[in-house]
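Dear colleague,

My notes on what was found in it follow directly after.

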Amino acid sequence: AKDASRYVFRHHTMLIHTSSSTTSQNDLADRVIKLWDKCAFNSPTGLTDLEQLWEQDFSRVTDEQTPEALCPDHFSELVPYLAEAIELIEKGTRCVMVVNYSSKEAPDFGEEAVWKIIIGGNKLSRGYTVEGLTVSYYRRVASTADTLMQMGRWFGFRQGYQDLVRIFLGVSEGKKSDVDLVAMFKQVCLMEERFRQEITRYLRSPGQPRITPKQIPPLISVIGQLPPTSRNKMFNAVVENRNYGGRWSQPTLIATSVGGIKNNTEVFQRLLSDSHSKKRIMLGGKSASASKSRNISSDSWVFESSTKDIISLLHDYQWLESKYKYPTRPADIELQIEFLRKQNHGIASWLVIAPQRKTSYGSPLKLKGVAELSAKERGRLEGRVFQNFGEPAHRVVAEFLADVPKKAEKENLVEPNTATKELAGSHQGIVLVYPVREHQDEVLSIGFEMLFPKNNLGFDVNFTVRNKSEVGSVIVSV
């Protein structure tokens with residue numbers, strides 16, 4: 001028998017969050033109650049459904065994620081406890097609790113054990129803790145990144161039952177069914193990750209004066225289509241230029257029209273045609289991180305270009321038409337152009353690398369007089385822009401080639417092969433090129449990622465203000 005004495009779970013809850021409307025929440029509660037009664041988990045049919053769920057999902061996930069976890073060998077071991085679990089869930093008047101400003105049935109986690117399906121809206125979205133949360137069902141659309149992040153309450157460590165956590169997110173939400181919440185949460189997490197990276201640039205050095213919040217410029221880079229917060233909370237400051245040394249640029253809001261895609265293909269045709277050298281090389285070697293090691297092999301076309309050529313790439317490339325009518329471009333791309341044009345960055349050259357697949361996803365991209373580049377399969381967000389272009393293994397190789405300092409918490413190339421070692425340099429940037437499509441028969445788009453090499457400029461971000469008459473104001477006047 002397995003020792004369960006060290007695991008005591010007082011609360012077991014499920015969260016359903018689909019709308020801010022109290023009427024919708026009450027209607028949903030009635031639907032959930034009817035569905036619960038229809039399932040009849042204590043009947044022979046209900047037990048059969050639970051056993052099937054156990055065999056197809058829970059036991060397999062537990063074995064894969066946490067094989068050492070406390071887990072029954074057979075579903076039959078759980079059956080004696082089902083009646084007690086159902087009784088706890090149905091305790092009181094019903095299996096659900098509606099939590100909103102007009103409801104009087106909010107759970108009191110400090111008073112008694114709570115085993116319930118909790119339905120709510122705005123009250124659940126900001127600062128409300130649902131204890132013992134195991135299952136989250138979420139379909140509500142948010143208009144800003146900070147609102148969406150505050151709703152992501154399912155993350156965290158669940159000692160003893162982390163293998164039981166389940167999250168269900170809508171991928172066709174909103175009035176037009178065009179909002180992918182999975183993709184949006186990814187965007188928000190990336191936004192926060194980059195924000196944390198920016199904050200580290202302002203760590204106080206010994207003997208240096210303290211930095212006040214008012215001295216720190218805007219640090220949040222917008223990823224995807226969600227603004228960081230509502231306009232009345234936006235800073236009055238506007239970034240004028242910044243140091244990109246040692247940083248990645250991974251833009252995804254690329255053109256989707258036939259004309260825009262054709263233009264971007266021609267832009268890369270010119271870039272690679274004008275490159276100083278063209279060769280196909282097997283890049284890679286042995287990589288290692290704190291948790292694993294592996295061998296990386298990346299069969300790649302490698303081209304050598306100048307900073308002038310890369311500026312032309314960024315200048316001529318076209319972006320998502322609904323947001324950026326040519327020649328308008330994303331603010332971060334504009335700043336990168338200014339950085340390459342005006343800053344003493346010391347970049348001597350750029351390696352433009354096109355990693356190749358063994359088998360192209362659909363017909364390859366044929367660039368006349370240059371090379372034939374294999375296509376990769378990439379999914380789109382909301383049926384339009386691509387989720388991403390690059391791959392982690394390619395970024396590990398790129399960071400070695402650009403001589404970006406190794407970080408203990410990340411994967412690093414520790415034993416590069418000879419070809420990779422010979423290409424490495426401390427003053428060269430990297431551009432990773434990816435011809436991509438969502439379906440094999442559609443026109444190829446070309447996406448890219450850029451890695452800027454380290455420099456000696458320091459971590460300065462220079463900024464100005466939108467409203468020159470309000471230089472001291474941190475909030476935009478509305």
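Predicted model: local features only at pLDDT ≥ 70, side-chain atom pairs only at ≥ 80, totals over all residues.

Leaving aside neighbours within four places in sequence, Leu181 is in contact with Tyr138, Arg139, Arg140, Val141, Leu148, Leu169, Gly170, Val171 and Glu173, where contact means heavy atoms within 4.5 Å. The C-alpha atoms of Leu181 and Val141 are separated by 7.4 Å, although the two residues are 40 residues apart along the chain. Leu181 lies in helix H6 (residues 181-200); helices (H or I, at least four residues) and strands (E, at least two) are DSSP runs, numbered from the N terminus. At 0% relative accessibility, Leu181 counts as buried; the classes are buried under 20% relative accessible area, exposed over 50% and partly exposed in between (1.4 Å probe, protein chains only).

Residues are numbered from 1 along each chain as its sequence is written, and side-chain values use heavy atoms, with hydrogens and water left out.

Helix H6 also holds Met191, which is buried, with a relative accessible area of 5%. Met191 and Pro228 are 37 residues apart in sequence and 8.3 Å apart in space, C-alpha to C-alpha.

For the chain as a whole, there are 11 helices and 19 strands. Of the 478 residues in the chain, 45% are buried. Among contacts between residues at least 6 apart in sequence, 72% join residues at least 24 apart.

Helix H1 (residues 22-39) is described next. Its 18 residues should span 26 Å at 1.5 Å a residue, and the end C-alpha atoms are 26 Å apart, which agrees; the expected span is 1.5 Å times one less than the number of residues. The buried residues of H1 are Gln25, Leu28, Ala29, Val32, Ile33 and Trp36. Seen down the axis of H1, these buried residues fall within an arc of 145 degrees, so they line one face of the helix; the arc is that of the directions from the helix axis to the C-beta atoms. An α-helix has 3.6 residues a turn, so residues three or four places apart point the same way. The buried residues of H1 pack against strand S1 (12-17), helix H3 (79-89), strand S2 (96-99) and strand S3 (115-120). On the other side of H1, Arg31, Lys34, Leu35, Asp37 and Lys38 are exposed.

Two residues other than glycine with a positive phi deserve a note. Ala40 follows H1 and is found in the loop between H1 and helix H2 (44-65). The phi of Ala40 is near 45 degrees, and at 25% relative accessibility Ala40 counts as partly exposed. Asp403 has a phi near 60 degrees and lies in the loop between H10 and strand S16 (412-416). With a relative accessible area of 46%, Asp403 is partly exposed.

A cis peptide bond, with omega about 15 degrees, joins Tyr326 and Pro327. Pro327 is found in the loop between helix H8 (307-316) and helix H9 (331-342). In H8, the buried residues are Thr307, Asp309, Ile310, Ile311, Leu313 and Leu314. They pack against helix H7 (258-273), S9, H9, S10, strand S17 (428-437) and strand S18 (445-451). In H9, the 12 residues should span 16 Å at 1.5 Å a residue, and the end C-alpha atoms are 16 Å apart, in agreement. The buried residues of H9 are Ile333, Leu335, Gln336, Ile337, Glu338, Phe339 and Leu340.

Finally, the structure holds one cavity of 30 Å³ or more. On a 1 Å grid over the protein atoms alone, a cavity is a set of points where a 1.4 Å probe fits but cannot get out, and lining residues have an atom within 4 Å of a point. About 50 Å³ of space lies in the largest cavity, the volume being the space filled by probe spheres set on the points, which are joined across faces, edges and corners. Its lining consists of Leu283, Ser298, Ser300, Ile353, Pro355, His394, Val397, Ala398 and Leu432. Strand S9 (293-305), strand S10 (349-355) and helix H10 (392-401) each supply at least two residues of this lining, and H10 gives the most, with three. The lining divides into six nonpolar, three polar and no charged residues; Ala, Val, Leu, Ile, Met, Phe, Trp, Tyr, Cys and Pro count as nonpolar, Asp, Glu, Lys and Arg as charged, and the others, Gly among them, as polar.

With kind regards

Key
1 Å grid on protein atoms, 1.4 Å probe; cavity = no way out; pocket = protein on both sides within 12 Å on 5 of 7 lines; lining within 4 Å.
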